[in-house]
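Subject: Structure for your review

Dear colleague,

Please find below the structure that I am handing over to you. My notes on what was found in it follow.

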Amino acid sequence: MKTFATNKTRRQLIIGGAAALSTPFGINIARAQSDTIKIGFPTPLTGAFSAEAQDQVKAAELAIKQFNEAGGFNGRRAELLVRDDKLNPGEAATRTLELIEKDKVNFIVGSLSAATQLSINAVCKERKVLFNSISQSDAINEAKDWSLYTFHEALNPTMTAGAVARYAIPLFGKKIAFLTADYAYGHEMVRAFERAGKDLGATTVADIRHPLGASDYSAFLPRIKSLNPDILVLANFGRDLANSAMQCTDFGLKSSMKIVAPVLLYTSRVSAGPEAFEGIAGGTSYYWGLEDRIPSAKVFNDAYRKAYSGAVPSDYGALGYAGVKSVLAAVLAAKSVDTDKVITAMQALKYDWYKGPESYRACDHQAEQSVIIVESKSKDMKDKNDVFKIISVEESAEKNMRTCSELGFK
Amino acid sequence: MAGLSFDLVAMQLLTGVALGSVYALLALGLCLIFGMLNVVNFAHGAFFMVGAFIGVYFLGMTGNFWLSLVLTAAFTGALGLLTERFLVRRLYGRGIDYPLLLTFGLSYVLIELIRICFGIEGLPSVTPQGLKGSINVGIGFFPRYRLFLIAATAVILFGIWFLIQKTRYGLIIKAGAVDQEIVKVLGVDISKVWLMIFGLGCAIAGLSGVLASPTRSVNPEMGIPILAESFVVTVVGGMGSPVGAVVAGLLVGIVYSMTSLFFPDLAELSIFILMALVLLIRPQGLFGRAERST
């Protein structure tokens, strides 16, 4: 019965009925009622970020499997309940509420958008359920949105866009143009890039906003070209990043400017191909190539390869893994599933799941971690997974984060 | 505004035409089907999406872009024929909302089928060899593929114009749009004409999907926003007017592109403002006939 916990989530993944038929549905319900530790996992399986979301689920399932294979918590197994939030904050809130009220989950891990995670956070805050967010946001760290129940496993824009600014501005120049997805994520990335850029003397020549999920960027590109910036920052995500990188390349923008992305996604690069991303640099929370220098990355990659026929985990996938892993580790440390006890244990957690040592900052529960600067490869690739070159690793430093008092904590 | 030059405006115009050519093709298909069959095809965006997937799939299989264009048009055209023959045909004479709901449902079925066959994250789109990169068009560098897109659209539009204006079939199509009863009396099997028109509309939708695929990502939801935009185009051009669809398609592309230059935040909204203005000043659309009794 080892596969039962994953069966249920996979059923959510495959929308067709075929998989549902093969699931031992009756048995599922019977088992789910025993005292498993349930982790609700809202994420946008459909929509512009679906590729990243699917990888989050796969890696989170791996964390669940490892926990169960190691004996669980006094024999209690863990189970992942995946829900599609369709990249819509309202849908995310509804699904989260259902997970809490109807499915009686113990914890919530997940989300993949600055906007949906804030709505999930609001629900969890009100219902006093621990939420470990695995998606970028600055607002979630701020005192007005934050609660004791909020943990933030992902990087935040201040850390990642800041690291990219500190890398790119000294090398490529101080005139910056932004192509920004017009929602919380994009706005926060721009603000964070400008914040770090100010100390380096950078100026913004344009901040062009496009709607989330836009398919055509061509109308913005002649203007960006004519403004002649030194650096173009693609402050967007998922399919938007893949599309805009592809179209910037088509319009020949790279000949006169350096293109960077605060979050250079593994999945976007794989889907758009080497030409579209050639020479584009950016930040990431994780790249599998870290395994050459970090032992825990090697262990994680190998486990993932074994579970998913040789595939390597993506950046957001790794966050799904770490997000679940931390919560379950805190359950073991607390020797309880009681929310308050798990929170205390998680606050004290020192862990190294996949990218070197991490811990949660006391005031805002932000996971303190490194930012990796990578550049997309277009030649000398060993295999299809070999897409990035690691340029540098910016280790976690308090000065690169907003201070607790800046965030509104007393 | 800083840096505003003739070259920039001209470039923006060209970008708008490239954008508009996809709208023009899609709206033309919609409008042929509406003009003849009085069916508002809500599955048009889904046919566009299926075309993009099938086109990229065929391109991967055959390695020949031209062949994949032909195969895709044939595939979505055949899908259109089946849809008309077995689904839409049963609803004629029942009011416009019946086929509308049917095709709306069909669009979801097609999206789910594609998700089952190709996965939910979509396919990487491929620009055919020889059309990659950008070339200097005198006012700056413009992507080669987008120039090809404009040219291909012109060729397809010419073909359809020729079919409607210069052939016997075109005569029947035009006559059928004006008065089906008389055409029937004259011994033409109008149901066959309808079947063909529906198939043709869907073939054009599929073809525009595969043509647009190298400029955007190929994913199961790609037909949803473009369907709304195509409806804006048909309303601006006048429901049922092929010339209107083409002119309005280009106009919408240019308006979108020009708004992006001056007020980027309003770009998405601009085409709806255009629609509202047209509806206020000329409710039947730019090239639409005054209200028919239906």
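Leaving aside residues up to four places away in sequence, A:V205 touches A:K175, A:I176, A:A177, A:L227 and A:P229. The residue belongs to strand β7 of chain A, which covers residues 203–210. Is A:V205 buried, exposed or partly exposed? A residue needs 20 or more C-beta neighbours within 10 Å to be buried; A:V205 has 18 inside that distance, and therefore counts as partly exposed. A:K174 lies 31 residues from A:V205 in sequence, while their C-alpha atoms are 9.8 Å apart in space.

Please keep in mind that this is a predicted model. The average pLDDT of chain A is 90, and 92% of its residues score at least 70.

Next, the domains of chain A. The domain assignment divides this chain into domain 1 (4–155 + 293–368) and domain 2 (158–284). Taken over C-alpha atoms, the centres of the two domains are separated by 29 Å. Their contact involves 16 residues of domain 1 and 19 residues of domain 2. On the domain 1 side, helices α4 (50–69) and α6 (114–127) of chain A each supply at least two residues. By class, that side of domain 1 consists of 8 nonpolar, 4 polar and 4 charged residues.

The largest nonpolar core contains 215 residues, among which A:I39, A:L232, A:Y321 and B:V252 touch the most other members. Which element gives the most to this core? It is helix α1 (residues 6–37) of chain B, with 19 residues. Why does the core lie between the two domains of chain A? Domain 1 and domain 2 of chain A both give residues to the core, so the core lies between them. As for B:V252, its contacts, not counting residues up to four places away in sequence, are B:G20, B:Y23, B:E229, B:V232, B:V233, B:V236, B:I271 and B:L274.

Turning to chain B as a whole, the chain has 11 helices and 2 strands. Their order along the sequence is α-α-α-α-β-β-α-α-α-α-α-α-α. The C-alpha atoms of chain B fill a box of roughly 65 × 50 × 35 Å along the principal axes. For 294 residues, a compact globule would have a radius of gyration near 19 Å, so the 19 Å of chain B agrees with that expectation. Of these 294 residues, 51% count as buried. If one takes the contacts in chain B between residues at least 6 apart in sequence, 75% of them join residues at least 24 apart.

Finally, the two chains meet in a contact that takes 34 residues from chain B and 30 residues from chain A. On the chain B side, α1, α4 (97–118), β2 (141–143), α10 (242–262) and α11 (267–281) each supply at least two residues. The largest share of that side, 7 residues, comes from α1 of chain B. Sorted by class, the chain B side has 16 nonpolar, 11 polar and 7 charged residues.

With kind regards

Methods. Residues numbered from 1 in each chain as written. Chains lettered and ligands numbered in written order. Predicted model: local features only at pLDDT ≥ 70, side-chain atom pairs only at ≥ 80, totals over all residues. pLDDT = per-residue confidence, 0-100. Core = buried A, V, L, I, M, F, W, Y, C linked by C-beta atoms within 7 Å. Buried ≥ 20, exposed ≤ 12 C-beta atoms within 10 Å, placed from the backbone. Helix = DSSP H or I, 4+ residues; strand = E, 2+ residues; numbered from the N terminus. Domains from an automatic or database assignment. Contact = placed C-beta atoms within 7 Å. Nonpolar A, V, L, I, M, F, W, Y, C, P; charged D, E, K, R; others polar. Rg over C-alpha atoms; globule rule 2.2 N^0.38 Å.
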